[in-house]
Each structure stands twice: as C-alpha cells, then as structure tokens.
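Let us walk through this fold step by step.

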Amino acid sequence: MSEICAVCGLPKELCVCESIAKESQKIIVKIEKKKFGKVYTVITGLDEKEINMKDLSKKLKTQFACGGTTKKNNIELQGDHKQKVKNFLVKMGFAPESVEVR
Ligand SMILES: [Zn+2]
C-alpha cells in the first residue's frame with residue numbers, strides 16, 4: 001500500500017506536486033492567427049522576473065530565423081514553430097511538463 005499525497009490524492013510515486021512546485025512556471029505555446037492570414041507562435045506564461053525575456057526572445061528568433069516581438073511575459077514569433085519551440089525550451093532547461101503546447 002503506497003502513501004497517498006495529501007495535496008493531489010495520488011500515490012506518492014505518481015504525485016507531481018513537487019515538480020510543479022519546482023517548476024512554478026506554466027508556459028503555454030500556442031498558435032495565433034492574425035489578420036491577413038499571418039500566423040504567430042505565442043509563448044506565454046513566462047516569468048519575466050526569472051527569465052531574461054529579451055535574451056530568450058533573441059535566441060528563439062535566431063533559432064527559427066524569424067521575426068518576433070516581446071511584450072512583458074509574452075513572446076510572439078512569426079510563423080508556426082509550436083513543436084520546435086517546446087523542444088528548444090526543454091533544451092534550455094525548462095521541464096517538459098511545464099511547457100504546454102496547445
Ligand atoms: Zn501530490
């Protein structure tokens with residue numbers, strides 16, 4: 001009989017509460033269609049206090065050879081780079097489970 005986590009009610013070996021706490025950031029990668037049929041990959045939920053947004057944005061734009069804008073805790077990249085963005089963020093040290101691709 002395994003121990004049950006008091007927070008999520010799952011057995012301790014399945015509990016993800018601790019990793020969620022460690023990775024307080026919930027990053028969402030999604031596609032936004034704008035006028036004139038332009039498609040953007042939007043990365044949102046980044047903690048601007050923890051992350052150098054300008055630096056990250058620059059790295060992403062270089063990696064995907066695209067333009068983009070940074071607004072507070074939001075990075076918009078031109079084009080659809082959804083899956084590649086996740087792989088890139090994971091490579092940069094973000095936990096895969098903290099990056100949600102929509
Ligand atoms: Zn738990």
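In this predicted model, Ile 51 is buried, because its relative accessible area of 13% falls under the 20% cut-off. Ile 51 sits in the loop between strand 2 (39-44) and helix 2. Which residues does Ile 51 contact, leaving aside its neighbours within four places in sequence? They are Gln 25, Leu 46, Leu 56 and Phe 94. Glu 13 is another matter: 38 residues separate Ile 51 from Glu 13 along the chain, and their C-alpha atoms are 30 Å apart.

Now follow the chain into the helices. Helix 2 spans residues 53-64 and helix 3 spans residues 82-91. Their axes come within 11 Å and cross at roughly 125 degrees. That angle makes helix 2 oblique to helix 3. The crossing is right-handed. Helix 2 supplies Leu 56, Lys 59, Leu 60, Gln 63 and Phe 64 to the contact. Helix 3 supplies Lys 84, Val 85, Phe 88 and Leu 89. By class, the residues of this contact are six nonpolar, one polar and two charged.

Turn next to the strands. Strand 2 pairs with strand 4 (residues 74-78) in the antiparallel sense, over five bridges. Tyr 40 stands opposite Gln 78 of strand 4. Strand 4 also runs antiparallel to strand 3 (residues 68-71), joined to it by four bridges. There, Lys 71 faces Asn 74 of strand 4. Strands 3 and 4 form a hairpin with two residues between them. In that hairpin, Lys 72 takes a positive phi near 50 degrees.

Methods. Residues numbered from 1 in each chain as written. Predicted model: local features only at pLDDT ≥ 70, side-chain atom pairs only at ≥ 80, totals over all residues. Heavy atoms only, no water. Axes fitted to C-alpha atoms, helices over the stretch in contact; angles between N-to-C directions. Parallel < 35°, antiparallel > 145°, perpendicular 65-115°, else oblique. Left-handed = near helix turned anticlockwise from the far one by under 90°. Contact = heavy atoms within 4.5 Å. Nonpolar A, V, L, I, M, F, W, Y, C, P; charged D, E, K, R; others polar. Buried < 20%, exposed > 50% of the residue type's maximum accessible area, 1.4 Å probe, protein only. Pairing = 2+ DSSP bridges.
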